[in-house]
Structures are given as C-alpha cells and as structure tokens.
Amino acid sequence: MEQLRERQHLGPDRAPSPPDAARARFMVAHVILALLFIVAMTGGAALLSRADTLALRVAATAAPALVLCLWAWEFARMIRRADEMMQAAHMRAVAIAAGLVLFAASLWGLFEQMLGLPAYPSVYLLPAFAVVYSVALSAQGVRE
Amino acid sequence: MKNILRELRTERGWTQADLALRLYVSRQTINALEAGRYDPSLPLAFRIARLFERKIEDIFFDQD
C-alpha cells in the first residue's frame, strides 16, 4: 500500500529526472540542428553561386556558421545539466576526441609539409571530432 | 564497489527511472551504480542513504 501511494505521488505521467530530460532535449535539438545545417549549407551554396556582393557571400556563410554555434551551445548546455557520472563521461570523451583529432591533424600537417600531401580540409575537423567523441563515449560503457 | 541498491529499489517497487527522478540523476547513472560500474560521489551517497533511511556503509561495501 505504501509503495502504491509512493507511485501515485509520482503520478501516472511522471516527468523524467532533470538529467534525463536534458539529454532528451539535446537529442531532439541535435536532430533539428543537423537538418538545419544541411538546409543552411545547401541554401548557402545556392546563394553563393549567385552572390555578387560581399554582404551576400557573408550571409551565405554566416547561416551554417550560426547553426554550428547553436549546436555547440546546446551541447555545452546538455553537459552542464547532466549528472555527475554523465558529466565525467562526456568530459573524458571530449578530451579523448579533441586529443586524437588534434594529433591526427598535426600528423597530417607534418606529412603535408614534408611529403606534399594535399591540405586537410579543416571543415571536416568537427565531424571527425563528433565521430571519435561518440566512440569514446560508447567505449566507457555508458549503457541505457 | 558492491551495493544493495537494486534490492532496496525493488523492495519499494520502483523502476530505475523512479529512483533516478528521486535522486536527480540519470537512469544511466542508476544502471551503472547498481551494476557496480560507478561509485557515487559523497553528496550522492548521502542522498541515497537519506532516501533509503540507511547508513552509507549499510548500502555500499568496500571490496578491499
């Protein structure tokens, strides 16, 4: 009876814990911002092909850049609102991903200078970071 | 660190989500705590002890 009263106190449609809610919010924001980024890049490329003024070219570039900034803000917000275990896991994954991507980019730069390899397109640094971050987070055994 | 968190939770008929809500942590943290894959910080350990009205050392056991 006591247990039933406890469960009723929480309510039939009880909200998730704040860290779970923050993570759910980020997952939704992540998908929306990813789609927005695609739209901004596509629209920006189309605009650039017709842009004859600097202002238009800046506007075409600013749209995807703004979406990236929004994504970074949401990512930081999600980590801030996570609980102690998830904050530590996220920060470890960020540190591993940043270190590995920086190391790989530096190695590439060395080969570029010494062997004449083509320059690494830095626009792919963030996607590379995202991939390594995801792997590093999963490798820590963070389970559903 | 071994613990009896799962037993205490199931005694009360709570799901992991219920316990997560009461402790203001994620369900993943509850999962990791019960599996012994994560040791709580002192503030979290005290919150757990207060919730179940037990001493910390009656819930968590040092394996050494």
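Visitor: Hi! What should I know about the model and its numbering before we start?
Guide: The model is predicted, so local features need pLDDT of at least 70 and side-chain atom pairs count only at pLDDT 80 or more, while totals for chains, interfaces and linings use all residues. Residues are numbered from 1 along each chain as its sequence is written, chains are lettered from A and ligands numbered from 1 in the order in which they are written, and side-chain values use heavy atoms, with hydrogens and water left out.

Visitor: Great. Which helices and strands does chain B have?
Guide: Chain B has five helices and two strands. Helices are DSSP runs of H or I with at least four residues, strands are runs of E with at least two, and both are numbered from the N terminus. Along the sequence the order is β-α-α-α-α-α-β.

Visitor: And chain A?
Guide: Chain A has five helices and zero strands, giving the pattern α-α-α-α-α.

Visitor: Back to chain B. What is its radius of gyration, against that of a compact globule?
Guide: Chain B has 11 Å, which agrees with the value near 11 Å for a compact globule of 64 residues. The radius is taken over C-alpha atoms, and the globule rule is 2.2 Å times the number of residues to the power 0.38. Along the principal axes, the C-alpha atoms of chain B fill a box of roughly 30 × 25 × 20 Å.

Visitor: How much of chain B is buried?
Guide: Buried residues make up 47% of the 64 residues in chain B. In chain A, 25% of the 144 residues count as buried. Buried means under 20% relative accessible area, exposed means over 50%, and partly exposed is in between (1.4 Å probe, protein chains only).

Visitor: Let's pick a helix. Why is α3 of chain B largely enclosed?
Guide: Helix α3 of chain B (residues 27-34) is largely enclosed by the rest of the structure because seven of its eight residues are buried. Those seven are B:Gln28, B:Thr29, B:Ile30, B:Asn31, B:Ala32, B:Leu33 and B:Glu34.

Visitor: What covers them?
Guide: The cover includes α2 (18-50) and α4 (84-115) of chain A, along with β1 (2-3), α1 (5-11), α2 (16-23) and α4 (42-52) of chain B. After α3(B) comes B:Gly36, which has a positive phi, near 75°.

Visitor: B:Glu34 is on that list. What does its side chain pair with?
Guide: The side chain of B:Glu34 meets that of B:Arg6 in a salt bridge (3.5 Å, N to O). This pair links distant parts of the chain, with B:Glu34 in helix α3 and B:Arg6 in helix α1 of chain B, 28 residues apart. A salt bridge here is a side-chain nitrogen of Lys or Arg within 4 Å of a carboxyl oxygen of Asp or Glu.

Visitor: Are those two buried or exposed?
Guide: B:Glu34 counts as buried at 9% relative accessibility, whereas B:Arg6 counts as partly exposed at 41%. There is also a network of salt bridges that links B:Arg6, B:Arg9 and B:Glu34.

Visitor: How many salt bridges does the structure hold?
Guide: Over all chains, the structure holds four. One of them joins B:Arg12 and B:Glu11, with the closest N and O atoms 3.6 Å apart. B:Arg12 is partly exposed at 22% relative accessibility, and B:Glu11 is partly exposed at 46%.

Visitor: What does A:Glu74 pair with in chain A?
Guide: A:Glu74 forms a salt bridge with A:Arg25, the closest N and O atoms being 2.8 Å apart. The two lie 49 residues apart, A:Glu74 in helix α3 (residues 54-81) and A:Arg25 in helix α2 of chain A. A:Glu74 counts as buried at 10% relative accessibility, while A:Arg25 is partly exposed at 39%.

Visitor: Which residues is A:Glu74 in contact with, leaving aside its neighbours within four places in sequence?
Guide: They are A:Arg25, A:Phe26, A:Ala29 and A:Leu33. Contact means heavy atoms within 4.5 Å.
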